[in-house]
Amino acid sequence: MPGSGRTGLSRETYGYFMRDGGWGDNALGGYAGDSAARAALAAAKKTGKPVIVSLDDTTNTKEPPRNGAAKPTEGMGFHHSRKDGRRVCGYQTVGMLIGAMDGEFLCHGFSIYDKAQSKIELAKDLISHLPDAGAVSCAVFDSWYANRKIIPEFWAKGYEVVCALKANRVIYPVGHRIQIKDFSRHVESKECCLVTANSKKYYAYKIETSLTGIENSLVLISWPAGKFGDEEAMRAFLCSDVFLGEQELIDIYTERWDIEVFFKECKNTFGSKKIMLRTKCGIRRHWLIAALAHNFCVLEGGSFLEGRAAFIKNEFENRGNSLYELAYSLPKDEFAEIYSKIA
């Protein structure tokens with residue numbers, strides 16, 4: 001503890017700070033989101049690129065609690081992991097990043113999913129805190145959030161949508177009801193154009209159509225260049241801007257990768273994967289500090305990779321358990337200053 005002569009923080013001190021500390025984590029989280037939005041809008045204005053918002057969730061896997069455990073981790077349960085393709089035990093975090101296309105992304109907000117609210121409701125709450133789109137703006141996410149409860153929420157804020165679709169999603173070309181995978185069998189390669197994503201070539205076919213609850217949208221169907229017609233390799237995307245070209249659509253969707261990197265860094269570099277906390281409040285606060293550390297790396301380092309390298313090398317001035325020491329060493333009423341000084 002500070003003043004005790006010990007180097008670093010004990011687990012008890014760290015747990016108390018996260019669980020019972022009186023600091024204003026809600027106010028700090030709101031300020032972080034506002035600052036991230038301002039930085040994204042400023043970068044978009046400077047570069048002339050659209051503002052991109054990325055929505056996704058991740059599962060932090062943990063060992064299942066023993067039968068009769070007196071204090072199981074709050075919010076922990078069994079969830080379907082899209083990455084592992086099976087049910088795993090742990091807790092889920094729904095997150096949102098914001099940034100200018102081709103630039104660095106900052107964490108705008110996140111929520112810990114504990115089944116008290118659905119992930120859809122948590123996502124809608126995150127969207128409600130986004131700034132209204134004052135320039136060309138787009139939201140990207142995977143097929144799980146591609147539904148009529150989420151997409152209109154982005155539209156209400158002025159954001160176009162580019163998202164993945166499942167192969168069995170029903171579309172209505174010229175009023176005919178058909179699944180995407182069945183429709184794709186009638187597409188010929190000569191009707192497609194070639195696009196590039198991550199240096200790889202893909203056949204892309206687009207069609208204006210409607211989906212259940214979503215009118216007048218663009219659906220793009222793609223295959224890797226060497227696997228045209230392979231149903232297993234086929235991918236589909238929805239875009240609410242029917243004037244967007246195939247290459248532009250693919251370029252925008254690839255921006256979704258940044259949120260995967262964000263989740264990975266929060267877990268591995270900033271310790272969210274191995275935290276020993278049992279309360280939802282403590283887990284949320286740790287994720288908040290990890291998100292602030294991510295934003296700190298982007299803003300202080302000029303790019304996330306440069307800032308991350310400095311973080312690992314210096315460990316925030318080599319103060320033991322760097323992330324926790326940084327937070328604990330600040331007076332409670334001045335904790336928000338860590339963000340205001342670097343924003």
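Leaving aside its neighbours within four places in sequence, which residues is Glu-265 in contact with?

What we have here is a predicted model, where local features need a pLDDT of at least 70, side-chain atom pairs count only at pLDDT 80 or more, and totals for chains, interfaces and linings use all residues. Residues are numbered from 1 along each chain as its sequence is written, and side-chain values use heavy atoms, with hydrogens and water left out.

Okay, back to Glu-265. Its contacts, meaning heavy atoms within 4.5 Å, are with Phe-270, Phe-304 and Arg-308, once neighbours within four places in sequence are set aside. Glu-265 is found in helix 7, residues 257-268. Helices here are DSSP runs of H or I with at least four residues, strands are runs of E with at least two, and both are numbered from the N terminus. Glu-265 has a relative accessible area of 9%, so we call Glu-265 buried. The cut-offs are under 20% relative accessible area for buried, over 50% for exposed, and partly exposed in between, with a 1.4 Å probe and protein chains only.

So how confident is the predictor? pLDDT is its confidence in each residue, from 0 to 100. The protein averages 83, and 84% of the residues score at least 70. Over residues 1-9 the pLDDT is below 50, and that stretch has 12 contacts in the model beyond near neighbours in sequence. Residues 339-343 also sit below 50, with 14 such contacts.

Now the whole protein. There are 11 helices and 12 strands, and buried residues make up 49% of the 343 residues. Of the contacts with a separation of 6 or more, 62% are between residues 24 or more positions apart.

Let's go inside. A nonpolar core is a set of buried Ala, Val, Leu, Ile, Met, Phe, Trp, Tyr and Cys residues joined through side-chain atoms within 4.5 Å. The largest one has 94 residues, and among those touching the most other members are Phe-141, Val-162 and Leu-249. Helix 8, residues 280-301, gives the most to this core, with 10 residues. Take Val-162: not counting residues up to four places away in sequence, what it touches includes Phe-141, Leu-238, Leu-249 and Tyr-253.

Next, a pair of strands. Strand 3 (residues 86-100) and strand 4 run antiparallel over eight bridges; strands pair if DSSP finds at least two bridges between them. Thr-93 has Ile-112 in strand 4 as its bridge partner. Four residues lie between the strands in this hairpin, where Asp-102 takes a positive phi near 70°. Strand 4, residues 105-113, is mostly covered, with nine of its nine residues buried.

What covers the buried residues of helix 3? The cover includes strand 1, strand 3, strand 4 and helix 4. Those buried residues include Ile-120, Ala-123 and Ile-127. Down the axis of helix 3, its buried residues fall within an arc of 160°, so they line one face of the helix. That arc is of the directions from the helix axis to the C-beta atoms.

Last stop: is Arg-148 buried or exposed? Arg-148 counts as exposed, because its relative accessibility is 54%. Arg-148 is in the loop between strand 5 and helix 4. Leaving aside neighbours within four places, it contacts Thr-212 and Gly-213. Thr-212 is 64 residues from Arg-148 along the chain, yet their C-alpha atoms are separated by 7.9 Å.

Definitions and conventions
pLDDT is the predictor's confidence in each residue, from 0 to 100.
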